[in-house]
Amino acid sequence: MKAQEWIERLPEQFVVYETTPISPSAYKGIAFIGMGGSGIVGDVIKLFLEKDGVAVPVLSLRGYELPPYVREDWLLVAISYSGNTEETLSVVDEGIKRGLKIVCVSSGGKLKEIAQREGLDFVAVPSNYAPRYAFGFMLSAVMSLFGKKDTIERIRKHLEENKGEIKETAYRIAQVIQNYIPIVYSTPLTEPIAFRWKTQINENSKTLCYIATLPELHHNEVAGLDNPITRNLCHFIILWDPEDHPRVKKRVQITEGLLKELGLVPIVLQGKGATLEERFLYLAYLGDWVSLYLAEFYGYDPLPVRVIDRIKKTLNE
Ligand code: PA5
């Protein structure tokens with residue numbers, strides 16, 4: 001299957017996995033570990049759990065190490081599409097040593113072998129995708145673990161119903177930002193989406209893209225807008241959500257005004273949908289399509305990420 005077809009069929013990936021549900025309050029804390037296309041799943045579920053009022057700390061980790069305060073009364077959820085990502089395996093190894101409860105999500109690889117050998121819970125997602133195109137499978141698997149089964153069904157329906165509109169909007173956005181460096185500004189409720197936009201534009205469109213988040217960006221990034229030589233190389237996109245903090249929403253308006261004063265008309269977007277999860281996935285899917293159209297305009301095949309493969313190979317030598 002080609003990248004375009006994978007993205008076309010993303011809504012179908014929102015399927016319920018039959019898993020034993022996890023009760024967050026049974027643990028002192030929950031840590032997700034994953035990198036790249038798998039790591040984003042931890043960011044998203046952390047945001048969803050926090051929006052639901054989870055009562056224990058939730059971490060979305062990237063890297064080789066488990067913080068010292070993560071002890072045997074924590075839950076570790078390891079997500080690696082290939083099952084072979086060394087940072088993720090390193091954290092799982094440490095989690096086993098510390099006696100954590102561990103659940104692994106992957107399509108196979110070493111993570112599956114470790115899960116079988118150590119008797120860890122394992123959720124299998126379909127194989128033969130590139131990791132970033134299996135986002136829906138991995139997110140559904142983890143949402144199923146946390147009992148968000150109705151939400152999965154609603155997301156699938158919502159994305160299917162809105163796909164036509166999302167594709168049209170994405171095409172127009174890609175036309176506007178083509179030949180500029182996209183700068184995606186987000187809010188606390190859209191930050192993981194901005195990260196997904198960035199990584200999809202990096203990997204699919206082979207294009208640099210940078211992100212910053214409100215309110216923090218009002219304390220540094222905005223000063224960088226003074227320089228017309230660099231700001232005119234960029235096109236700005238602002239992603240926000242109606243449930244953002246009122247002061248954050250005011251800051252979205254201020255940011256839009258600031259950019260307009262400088263002659264930089266930003267693309268300001270909020271997701272469509274009745275719930276945060278629907279709006280969230282609407283915007284994430286929009287970004288997937290933007291990255292695909294940009295790849296087409298620049299003449300790149302969205303699928304191969306040769307430089308990433310080369311780095312992994314070098315590290316294995
Ligand atoms: O999109 C990609 O291919 C990468 O970002 C991978 O997701 C990343 O390298 C981690 O690999 P995996 O998802 O197999 O753990």
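These are my notebook entries on what I looked up in this predicted model.

**Ground rules.** I number residues from 1 along each chain as its sequence is written, and my side-chain values use heavy atoms, with hydrogens and water left out. As the model is predicted, local features need pLDDT of at least 70 and side-chain atom pairs count only at pLDDT 80 or more, while totals for chains, interfaces and linings use all residues.

A polar side-chain atom of serine 80 lies 2.6 Å from an oxygen atom of the ligand, an N or O atom in the side chain of lysine 312 is 2.8 Å from a ligand oxygen, and a polar backbone atom of tyrosine 81 is 3.4 Å from a ligand oxygen. On its own the ligand has 370 Å² of accessible area, of which the protein covers 92% (Shrake-Rupley method, 1.4 Å probe; for residues, only the protein chains shown count as cover).

The space taken by the ligand is the largest pocket. A pocket here is an open set of points, on a 1 Å grid over the protein atoms alone, with protein on both sides within 12 Å along at least five of seven lines, and a molecule sits in it if more than half of its atoms lie within 2 Å of its grid points.

**Serine 80.** I placed serine 80 in the loop between β3 (75-79) and α3 (86-98). Serine 80 counts as buried because its relative accessibility is 1%, where buried means under 20% relative accessible area, exposed over 50% and partly exposed in between (1.4 Å probe, protein chains only). Glycine 37 is 43 residues from serine 80 in sequence, yet the two lie 8.4 Å apart in space, C-alpha to C-alpha.

**Cysteines.** I counted zero disulfides, a disulfide being a pair of cysteine sulfur atoms within 2.5 Å. Cysteine 209 is in no disulfide, with the nearest cysteine sulfur, that of cysteine 234, 10 Å away; seen from cysteine 234, this closest sulfur is too far for a bond. Cysteine 209 is buried at a relative accessible area of 0%, and cysteine 234 also counts as buried, at 13%.

**Helices.** In α5 (residues 135-145) I found 11 of 11 residues buried, among them Phe135, Phe137, Met143 and Leu145. Glycine 147, which follows α5, has a positive phi near 75°.

Serine 205 is found in helix α7 (residues 191-205) and counts as buried at 0% relative accessibility; its side chain reaches the backbone oxygen of serine 291 at 2.8 Å.

In helix α9 (residues 246-261) I looked up leucine 258, which counts as partly exposed at 29% relative accessibility. Leucine 258 and glutamate 160 are 98 residues apart in sequence and 36 Å apart in space, C-alpha to C-alpha.

Definitions and conventions. Polar contact = N/O pair within 3.5 Å; in protein donor to acceptor, adjacent residues only side chain to side chain. 1 Å grid on protein atoms, 1.4 Å probe; cavity = no way out; pocket = protein on both sides within 12 Å on 5 of 7 lines; lining within 4 Å. Helix = DSSP H or I, 4+ residues; strand = E, 2+ residues; numbered from the N terminus.
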